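Q: Could you take me through this structure by asking, at each step, what makes a term apply?

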Amino acid sequence: MPSAAVKYLDRSTEFEVVRLTDPAVSSRLPASYGRSISRRSNFLVYASDATGHMEAYRMDLKNGTSRQLTDADNLDPASITLTGDERSFCCLDAGRLLSINLSSLRAREVYKIPQGFVADSGMSIAEDGLFAALVEHKGSHYRLQLIRMADGSVVTLAEADEEIHDPIPRPKRASVLYRRGDGAWLANYDGQQNYRMRLADGQTAQALWSPDGRSVQYLNYPTETRKLHNLREFVPDTNEDSAMADTSQFIGFDRNGDSSVFVGASGSKATPHVLLLVRVVKRELTLCEHRASDPRLVAPVFAPNSQHIYFTSDQHGKPAIYSMAIEKLVSETENP
């Protein structure tokens with residue numbers, strides 16, 4: 001597909017924003033904890049219904065053109081994620097975990113959801129590419145599955161009669177972070193240890209690993225509704241929990257390559273903004289308006305080198321993907 005990129009100045013900040021996809025069709029980034037942007041920031045993978053139903057695409061970020069990657073039966077848009085070597089990507093399609101080569105587009109079925117179960121939205125691939133973590137459920141019964149990418153063998157890490165979602169393998173360690181109920185849990189690859197982490201009181205709205213896997217950085221909704229949504233950090237090895245900063249009612253966030261800066265989407269109806277939060281001074285800078293009908297759609301993410309942010313919004317029609325260059329605001333970080 002030819003480029004549909006349009007540049008405009010945000011009406012609140014006058015910073016330049018680029019709308020990368022056409023809002024006449026629905027396009028969206030995968031789950032924010034997946035890998036959607038290449039290490040060199042020269043391409044991204046995303047989902048669009050430009051053909052009439054959701055397919056995976058690869059966008060060249062230099063010229064804006066896109067190439068269709070799948071001929072899917074029932075693609076889960078949130079599940080698209082690059083592998084660590086960026087030669088392939090994985091996705092969930094009609095109950096199958098697929099690994100697809102980016103050059104040949106040859107697909108390999110790694111795992112099939114058992115009959116009676118349904119795959120939950122979203123999926124993660126471990127840093128070394130050896131395992132995938134996904135959630136499947138039958139009615140109200142959920143289970144967290146660890147899939148060996150080489151042969152599709154499976155280990156059940158956790159089960160519960162309440163919702164389990166957002167599984168994220170821990171960098172450089174053999175465990176998986178996931179959310180269950182209003183908290184965050186940690187399960188080891190061998191299935192021998194599975195426990196709820198001792199996070200701050202309130203609801204854990206989102207949780208991510210720090211780049212080195214040492215800590216969990218999470219968005220906390222305090223029990224007292226008058227208090228602000230805040231970012232916190234928890235170290236599983238020591239059970240230390242500490243506050244990082246209050247936010248302008250973030251409803252989703254991402255951290256840059258060294259966790260010195262965070263990008264967030266505000267859930268405030270009065271100030272529907274995408275913001276940067278500088279950790280050391282605990283101050284925010286408004287980047288632009290997102291004006292999404294549902295702020296949870298926005299899910300902003302950093303490029304691996306921290307020089308761009310990307311987000312989704314339906315402010316101009318159907319959901320579309322947006323980008324902003326922030327190299328004048330945030331220092332470049334080393335690619336993982």
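A: Two strands are said to pair if DSSP finds at least two bridges between them, and strands (E, at least two residues) and helices (H or I, at least four residues) are themselves DSSP runs, numbered from the N terminus. The model is predicted, so local features need pLDDT of at least 70 and side-chain atom pairs count only at pLDDT 80 or more, while totals for chains, interfaces and linings use all residues. Residues are numbered from 1 along each chain as its sequence is written, and side-chain values use heavy atoms, with hydrogens and water left out.

Q: What makes β14 and β15 a pair of strands?
A: The definition asks for at least two bridges, and β14 and strand β15 (residues 154–160) have six, running in the antiparallel sense. They also form a hairpin, with five residues between the two strands, and in that turn Gly152 has a positive phi of about 80°.

Q: How do you know that β13 and β14 pair?
A: Eight bridges join strand β13 (residues 131–138) to β14 in the antiparallel sense, and the definition requires at least two. Phe131 stands opposite Arg148 in β14. This is a hairpin with two residues between its strands, where Gly139 in the turn has a positive phi of about 65°.

Q: Why is strand β14 described as largely enclosed by the rest of the structure?
A: A residue is buried at under 20% relative accessible area, exposed at over 50%, and partly exposed in between (1.4 Å probe, protein chains only). In strand β14 (residues 141–148), six of the eight residues are buried, and therefore the strand is largely enclosed.

Q: Is Arg179 buried or exposed?
A: The relative accessible area of Arg179 is 12%, so this residue is buried. Arg179 belongs to strand β17 (residues 175–180).

Q: Which residues does Arg179 contact, leaving aside its neighbours within four places in sequence?
A: Contact means heavy atoms within 4.5 Å, and with those neighbours left aside the partners of Arg179 are Glu163, Ile164, His165, Asp166, Ala184, Thr204, Ala205, Gln206 and Ala207. A polar atom of the Arg179 side chain lies 3.1 Å from the backbone oxygen of Thr204.

Q: Why does Ser210 count as buried?
A: Ser210 has 4% relative accessibility, and therefore it counts as buried. Its place is in the loop between β20 and β21.

Q: What makes the pair Ser210 and Asp212 a polar contact?
A: A polar contact is a pair of N or O atoms within 3.5 Å; within protein, one must be able to donate a hydrogen and the other to accept it, and residues adjacent in sequence count only if both atoms are side-chain atoms. The side chains of Ser210 and Asp212 make such a contact at 2.7 Å. Not counting residues up to four places away in sequence, Ser210 also touches Pro171, Ser215, Gln217, Arg255 and Ser259.

Q: What is the largest nonpolar core, and which residues have the most contacts inside it?
A: A nonpolar core is a set of buried Ala, Val, Leu, Ile, Met, Phe, Trp, Tyr and Cys residues joined through side-chain atoms within 4.5 Å. The largest has 27 residues, and those with the most contacts inside it are Leu177, Met197 and Leu231. Among the elements that give two or more residues to this core are β18 (183–188), β20 (203–209) and β26 (273–278). Apart from it lies another core, of 19 residues, including Val263 and Phe302.

Q: Why is the chain called as compact as a globular protein of its length?
A: The chain comes to zero helices and 30 strands. Its radius of gyration is 19 Å, close to the 20 Å that the globule rule gives for 336 residues, so the chain is as compact as a globular protein of that length. The radius is taken over C-alpha atoms, and the rule is 2.2 Å times the number of residues to the power 0.38. Buried residues make up 54% of the 336 residues.
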